[in-house]
Amino acid sequence: MIYAADFSEYACILLRDQLDTFIYDVRADPEFSSCSDLGNLAVKMVQSDRHTVFPLVYRLIELALILPVATAIVERAFSAMSIIKTELRNKMWMNHSKSDLTH
């Protein structure tokens, strides 16, 4: 399953069919031969109105394009969380050490 929230079981079945047809269609169109990445492919799909003909394929491409951004945001959040945890641990250790010195 790709993204359960984005593709129902039925949509996954349709997606397989759309992908087969899309691949055949795009290979036959010389306009798509210059596409070197997913971003270019998405732009060409919109320019040729194929995003409406193959909406599930287009949605899959959109998800693939935003995945690195979403992953980076999560990674930054975890990184920030580890910095905060380290700072809190250091403060707790310092406070604990100070109280040991006064007793």
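Predicted model: local features only at pLDDT ≥ 70, side-chain atom pairs only at ≥ 80, totals over all residues.
**Close-up 1. The largest nonpolar core.** This core has 16 residues, and those that touch the most other members are F7, F22, M45, V57 and I61. At least two residues of the core come from each of helix 1 (9–28), helix 2 (38–47) and helix 4. When residues up to four places away in sequence are left aside, V57 touches L15, Q18, L19, F22 and M45.

**Close-up 2. Salt bridges that meet at R50.** D25 pairs with R50 in a salt bridge whose closest N and O atoms are 2.4 Å apart; because D25 lies in helix 1 and R50 in helix 3 (residues 50–53), the pair ties together parts that are 25 residues apart in sequence. R50 also meets D29 in a salt bridge, at 3.0 Å from N to O, and this pair links R50 with the loop between helix 1 and helix 2, where D29 is placed 21 residues away. Both D29 and R50 are buried, whereas D25, with a relative accessible area of 26%, is partly exposed. Through shared partners, D25, D29 and R50 are joined into one network.

**Close-up 3. The salt bridge between E31 and K44.** The closest N and O atoms of E31 and K44 are 3.6 Å apart, and since E31 lies in the loop between helix 1 and helix 2 while K44 lies in helix 2, the pair ties together parts that are 13 residues apart in sequence. K44 counts as buried, at 19% relative accessibility.

Conventions. Residues numbered from 1 in each chain as written. Heavy atoms only, no water. Core = buried A, V, L, I, M, F, W, Y, C linked by side-chain atoms within 4.5 Å. Buried < 20%, exposed > 50% of the residue type's maximum accessible area, 1.4 Å probe, protein only. Helix = DSSP H or I, 4+ residues; strand = E, 2+ residues; numbered from the N terminus. Contact = heavy atoms within 4.5 Å. Salt bridge = Lys/Arg side-chain N within 4 Å of Asp/Glu carboxyl O.
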